[in-house]
Amino acid sequence: MDVLADSDTRWKWGALLARRLDPGCRLTARFLHARSTPTARQLEEVGVRPDGMTEAPLVDYLADAELAETDVLILATTGGVAQSAMHGFARRWAGRERRPILVTGYVGVVYEKMTDGLLLRAGADVVLANSAFDADRFRTVYDGVGVPSSSIVETGLPFLHGRTYDADAVARGERRYTVCFAAQPSSPQSKGERLHILERAARHARLHPERDVLVKLRSLPGEHTTHLEDFPYQLLLSKVEGVPANLRLVYGNMGEVLDGTDLSVTVSSTAALESMQRGIPTAILTDLGVREALGNHYFVSSGCLASWDELDAGAAPVADPAWLRANGVLPNDADPFVALRERLDELVAERDANGLPELRPYYSMSRAGGYLSGLLRRQGLEEDGGPRPRSPEGSGRSAVRRFARRSMRSAYRVAANRLAPVIRRWGQL
């Protein structure tokens with residue numbers, strides 16, 4: 001089984017999905033060489049070691065003979081990359097008696113650009129919906145535009161399978177009461193709003209010296225994630241006056257951090273679903289409003305909306321069980337991947353008997369040429385899905401791009417060196 005991924009978060013989703021489907025499968029990571037390609041540290045943090053790993057542009061994978069022979073290819077990418085990949089593979093694999101089964105989906109809650117994302121993924125053999133709620137919405141979209149909704153299979157997020165919360169651990173003296181704020185690169189996005197979050201976390205730590213307050217960060221300076229981060233919390237912490245000793249920055253695997261968490265706090269991170277699945281009290285912050293731009297509107301009916309003022313006063317929200325079930329957050333004894341395994345078995349049998357139909361992405365040049373051409377061009381593809389001629393290594397445009405990349409890497413290294421004392425003072429490396 002192969003996973004084509006373009007960021008640390010999407011690799012986590014694709015890799016864990018493969019492991020949940022077949023724990024003993026040979027797993028090959030195919031990383032796209034791009035801005036958000038994960039570093040070795042980020043891969044280690046995910047906690048899944050692939051059996052093989054490559055990094056290349058999409059056009060190189062289209063010509064990869066070994067990839068063309070895999071049984072299942074999980075497209076753990078943005079919708080635009082998935083659509084481009086399907087066009088490229090459709091051209092490359094045309095006429096083949098046997099081709100990989102393409103599976104794609106979403107790495108978290110779908111709270112924006114649902115129709116756009118769905119149509120960009122249309123054409124894959126399987127499009128995953130992470131809950132009954134999502135499956136109903138997705139089928140409505142596909143039925144409305146004439147895409148076979150049979151490709152939609154209801155599953156769950158593969159990382160929602162953690163240790164059940166032990167509410168008595170603090171009383172037994174095994175650890176201090178721990179509050180964990182799960183940071184996101186782009187929600188909130190503005191400097192002022194992100195600084196507000198940090199200042200309120202620091203205030204909570206001052207008001208509750210008996211508690212540990214952790215700010216769980218996604219990346220070190222110089223590392224990239226799925227979304228751009230304009231104002232890293234590591235930098236902003238230096239602007240908070242009187243940072244208390246019981247407030248720390250932490251990194252690492254989210255599941256391991258949640259193992260020692262008693263109150264999970266976030267704006268709209270999927271870490272909220274992880275903590276809810278474990279039974280950990282979880283707060284979806286309302287300090288910056290409940291807004292589509294933040295993504296916290298998705299949790300309106302969960303029973304977990306709360307402000308820092310309420311948390312300061314002792315609030316510890318617990319998610320509504322009916323909301324959890326509807327949104328695919330199930331107990332550990334449930335297996336949300338049964339339907340997907342059955343569907344993959346059906347596709348394998350169809351492929352062995354008569355061969356799979358050729359890939360037909362929803363978008364075509366006649367249907368949406370003004371949109372599709374830009375998507376393909378960004379991945380180095382022509383309008384027919386074939387590779388665009390590559391610029392000579394020494395051409396002006398390529399040289400400028402290489403110079404810009406080197407300059408950015410140098411800037412990130414300088415920033416990381418300057419930030420190291422700050423991070424060591426208030427956090428953990």
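# Salt bridges, cores and a sheet

User: Which residue does Arg-291 form a salt bridge with?

Analyst: That's Glu-193, with the closest N and O atoms 2.9 Å apart. The two sit in distant parts of the chain, 98 residues apart: Arg-291 is in the loop between E12 and E13, while Glu-193 belongs to helix H8. A salt bridge here is a side-chain nitrogen of Lys or Arg within 4 Å of a carboxyl oxygen of Asp or Glu. Helices (H or I, at least four residues) and strands (E, at least two) are DSSP runs, numbered from the N terminus.

User: Before I go on, what kind of model is this?

Analyst: It's a predicted model, where local features need pLDDT of at least 70 and side-chain atom pairs count only at pLDDT 80 or more, while totals for chains, interfaces and linings use all residues. Residues are numbered from 1 along each chain as its sequence is written, and side-chain values use heavy atoms, with hydrogens and water left out.

User: OK. Is Arg-291 buried, partly exposed or exposed?

Analyst: Arg-291 has 30% relative accessibility, so it counts as partly exposed. Glu-193 counts as partly exposed as well, because its value is 22%. The cut-offs are under 20% relative accessible area for buried and over 50% for exposed, with partly exposed in between (1.4 Å probe, protein chains only).

User: How many salt bridges are there by that rule?

Analyst: The count comes to 27. One of them joins the side chains of Glu-66 and Arg-30, at 4.0 Å from N to O. That pair is 36 residues apart, with Glu-66 in helix H4 (residues 65–68) and Arg-30 in strand E2 (residues 28–32).

User: Are those two buried or exposed?

Analyst: Glu-66 counts as exposed because its relative accessibility is 54%.

User: New topic. Which residues touch the most others in the largest nonpolar core?

Analyst: They're Trp-11, Ile-74, Leu-273, Met-276 and Leu-340, out of 45 residues in that core. Helix H1 (residues 8–21) gives the most to it, with seven residues. There's also a second, separate core of 43 residues, including Leu-4, Leu-32, Ala-82 and Leu-118. A nonpolar core means a set of buried Ala, Val, Leu, Ile, Met, Phe, Trp, Tyr and Cys residues joined through side-chain atoms within 4.5 Å.

User: What does Leu-340 touch?

Analyst: Leaving out residues up to four places away in sequence, Leu-340 touches Leu-17, Leu-21, Val-126, Leu-128, Val-153 and Thr-155. Contact means heavy atoms within 4.5 Å.

User: And the six-stranded sheet, what's the strand order?

Analyst: This open sheet runs E10-E9-E8-E11-E12-E13, with parallel pairing. Strand E10 (247–250) and strand E13 (305–306) are at the edges with a single partner strand each, so one side of each has no neighbour in the sheet. Strands pair if DSSP finds at least two bridges between them. E11 (residues 263–266) and E12 (residues 282–285), for example, run parallel and are joined by three bridges, and Thr-266 has Ile-284 in E12 as its bridge partner.

User: Where's Val-170, and what is it in contact with?

Analyst: Val-170 is in the loop between E7 and E8. Setting aside neighbours within four places in sequence, Val-170 is in contact with Arg-175, Arg-176, Tyr-177 and Asp-262. Its C-alpha atom is 9.7 Å from that of Gly-260, which is 90 residues away along the chain.

User: Last one: how many helices and strands does the protein chain have?

Analyst: It has 16 helices and 13 strands. Of its 429 residues, 54% count as buried.
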